[in-house]
Amino acid sequence: MTAKIAAALVFLVLNGYVYWYLGSEEVIPPRAQFSLFPNEIEDWRCTGREVLDDKTVNNLMVTDYIACNFVSPEAAAQSHLYIGYHERQTRDRESGKATVIHPPEHCLPGSGWDVIDSQVVPISLMRNGVADGVQGEAKRFVIAKGNQRALVYFWYHSRGRVIAQSHHKILYMFLDRAREGRTDGSLVRFTTPIVHGDEAAAEAVFQEFAGLVTPMLDDYVPN
């Protein structure tokens, strides 16, 4: 027991040393603001940028975001896009609030949606018709509110990585702060209605729209 306690203390000391000393030089990489993100992507159109109220922004502690429902009249399809960028994921030195990304699974029940299916899936999106776009893992949810159903894909898009699991995101954030002084990252989320129970159709809509959006992320979410 004594050895375990000693090992734990050593780990905590090393953890504090790496976190506070090696990562003391904070790096905020340059990036484009989401105000410059296009409202038209091929035949998809943003129906109007959503503006989060101050309470929500303060709760999320998000630096910049885009929230919009995109529609494709030709395909009779729609998908809601949210990308929230956090320039740092530490505790704000002025307010004392944590600026880490909130996992969506913690927020969905509060907005009245129930998660009825949850999976971690590999993701491999197209770029210019070739499967060399976003690669990694995402969380794939089917959510329900009354008779409504929707397909949700989300992942942490952090410093060039596409990560589904929160604990993996935290581990990489710890390492990148120690090695590069960076803790920036973002949450990318697509929410697509499931119409008439046709989950396969919603999946196809997500694949098409996400394949158009994700090649543009490098300008807004630094690698």
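Cys-68 is buried in this predicted model. Its relative accessible area is 0%. Cys-46 also counts as buried, at 16% relative accessibility. The cut-off for buried is under 20%.

**The disulfide**

Cys-46 and Cys-68 are joined by a disulfide, with an S to S distance of 1.8 Å. The count of disulfides in the model is one. This bond links distant parts of the chain, 22 residues apart. Cys-46 sits in strand S2 (residues 44-46). Cys-68 sits in strand S3 (residues 64-72). Which hand does the disulfide have? The torsion about the S-S bond is about 110 degrees, so the disulfide is right-handed.

**Aromatic pairs**

The model holds ten aromatic pairs. Two of them share Phe-206: one with Tyr-153, one with Phe-190. Their geometry is set out below.

| Pair | Centre to centre | Angle between planes | Class |
|---|---|---|---|
| Tyr-153 and Phe-206 | 3.9 Å | 0 degrees | stacked |
| Phe-190 and Phe-206 | 5.4 Å | 75 degrees | edge-to-face |

Why is the Phe-190 and Phe-206 pair edge-to-face? The planes are 75 degrees apart, and edge-to-face applies because the angle is over 60 degrees. For Tyr-153 and Phe-206 the angle is 0 degrees. That pair is stacked because planes under 30 degrees apart count as such.

Phe-190 belongs to strand S9 (residues 185-193). Its pairing with Phe-206 of helix H5 again links distant parts of the chain, here 16 residues apart.

The relative accessible area of Phe-206 is 1%. Phe-190 is buried too, at 0%.

Ring pairs link Trp-44, Phe-70, Tyr-153, Trp-155, Phe-190, Phe-206 and Phe-209 into a cluster.

**A charge over rings**

Arg-31 has ring contacts of another kind. Its charged end sits over the ring of Tyr-85, 4.1 Å from the ring centre. Arg-31 also lies over the face of Phe-34, where the distance to the ring centre is 5.2 Å. The distance cut-off for such a contact is within 6 Å of the ring centre.

Terms used: Residues numbered from 1 in each chain as written. Predicted model: local features only at pLDDT ≥ 70, side-chain atom pairs only at ≥ 80, totals over all residues. Heavy atoms only, no water. Phe/Tyr/Trp six-rings, centres within 6.5 Å; stacked < 30°, edge-to-face > 60°. Helix = DSSP H or I, 4+ residues; strand = E, 2+ residues; numbered from the N terminus. Buried < 20%, exposed > 50% of the residue type's maximum accessible area, 1.4 Å probe, protein only. Lys NZ or Arg CZ within 6 Å of the ring centre and 35° of its normal. Disulfide = S-S within 2.5 Å.
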